[in-house]
Structure formats: structure tokens, C-alpha cells
Amino acid sequence: MRSFPDRKAMKTITTIDGMKKFSDAAKKSGKTIGFVPTMGYLHYGHASLINASAKECDLTVVSVFVNPTQFGPKEDLEKYPRDPARDRRVSKKAGADVIFAPSEEEMYPEGYSTWVSVEGSSTSTLCGRS
């Protein structure tokens, strides 16, 4: 049987395959998994979500991925703040068990072809408008 990190240790996974294997093993062991998706540069709001997940679930995974597809043509992806060491400290202190930190190449390999387009009222109000 595979062992899982305790609250004192935190694992970093950088591949989709590694995340699938971890998740599958956790599920087979009857563990619940909380997931907190982020684009990094974690702050108090992220920490509160991580902490809530840690209280409600057996394991908490925090994704740290600055997604280039979320940036418009006039937005500067390169200027988006990044501080992986800080993200790790905040995640650990808040109770995360795993950080999933894939590279852009891992998430969007050459030849990928999956794309989701959302339409309707959710794209015309609040943040959807921009």
C-alpha cells in the first residue's frame, strides 16, 4: 500500500502522469482529495481555501500554474508575478499535502488540440465581460 504525505511533509508533483498516479492511489485507499486551483503568487485568500480543504479532506492538492491561455493579447504573461518558494511556504503552512506545478509544456504539449469555449450569460457579466 502506498503511503501519503503527512501534514508535516509536502510533495511537489510536476507531471500530469504523476498527478494521476497520486490521485488514483489516494482514491483506491479511500482518501478524499480537496483541490485548490491557483495561478500562484498565493495570498491570504488562497491560504483560507487551502486551510478549509485541509480541514474537510484527507488530502489537499494545490495547483500552481500560470495559464497562458487566460491572458488576452494585450495582457503581459511575462509580467505576472511568480514566487514558487513563497507559494510553497503558504501552501505548507495552510495545510496542503501536494503542490501540482506543471510546466507550460506539460500542460500544452506540441500538437494538443483540446479547447473549451464558454458562451451564454456567464460570459457577458462581471469578469466574463472582459
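Figure 1. Helices here are DSSP runs of H or I with at least four residues, strands are runs of E with at least two, and both are numbered from the N terminus.

**Figure 2. The largest nonpolar core.** Ten residues make up this core: Met10, Val36, Leu42, Ala47, Ile50, Val62, Val64, Ala94, Ala96 and Ile99. A nonpolar core is a set of buried Ala, Val, Leu, Ile, Met, Phe, Trp, Tyr and Cys residues joined through side-chain atoms within 4.5 Å. Helix H2 (44-56) and E3 are the elements that give two or more residues to it. For Ile50, leave out residues up to four places away in sequence, and the residues touched are Val36, Leu42, Thr60, Val62, Ser91, Ala94, Gly95 and Ala96. Apart from this core lies another, of eight residues, including Ile13, Met19, Ala26 and Val98.

**Figure 3. Helix H3 and Ser91.** Which residues of H3 are buried? They are Asp87, Ser91 and Ala94. Seen down the axis of H3, the buried residues fall within an arc of 70 degrees, so they line one face of the helix. Arg89 and Lys93 are exposed on the face turned away from that buried side. The buried residues of H3 pack against H2, E3 and E4. Zoom in on Ser91, which counts as buried at 0% relative accessibility. Setting aside neighbours within four places in sequence, Ser91 is in contact with Met10, Leu42, Ile50, Val62, Ala96 and Ile99. Ser91 and Ser63 are 28 residues apart along the chain, and their C-alpha atoms are separated by 10 Å. Gly95 follows H3 and has a positive phi near 110 degrees.

**Figure 4. Aromatic pairs.** The structure holds three aromatic pairs. Rings of Phe, Tyr and Trp (its six-membered ring) pair if their centres lie within 6.5 Å; planes under 30 degrees apart count as stacked, over 60 as edge-to-face, and the rest as tilted. Phe65 and Tyr108 make a tilted pair, 6.2 Å centre to centre with 40 degrees between the planes. This pair links distant parts of the chain, 43 residues apart: Phe65 is in the loop between E3 and helix H3 (84-94), and Tyr108 is in the segment after helix H4 (104-107). Phe65 counts as buried at 11% relative accessibility, whereas Tyr108 counts as partly exposed at 22%. The rings of Phe71 and Tyr80 have centres 5.7 Å apart and planes at 85 degrees, so that pair is edge-to-face. Phe65, Tyr108 and Tyr112 form one aromatic cluster.

**Figure 5. Arg86 over the Tyr41 ring.** Where is Tyr41 found? Tyr41 is in the loop between E2 and H2. Arg86 lies over the face of Tyr41, at 4.4 Å from the ring centre (a charge sits over a ring if NZ of Lys or CZ of Arg is within 6 Å of the ring centre and within 35 degrees of the ring normal). Tyr41 is partly exposed, with a relative accessible area of 36%. Although Tyr41 is not a glycine, its phi is positive, about 50 degrees.

**Notes for all views.** Residues are numbered from 1 along each chain as its sequence is written, and side-chain values use heavy atoms, with hydrogens and water left out. As this is a predicted model, local features need pLDDT of at least 70 and side-chain atom pairs count only at pLDDT 80 or more, while totals for chains, interfaces and linings use all residues.

Note on methods. Buried < 20%, exposed > 50% of the residue type's maximum accessible area, 1.4 Å probe, protein only. Contact = heavy atoms within 4.5 Å. Arc of directions from axis to C-beta.
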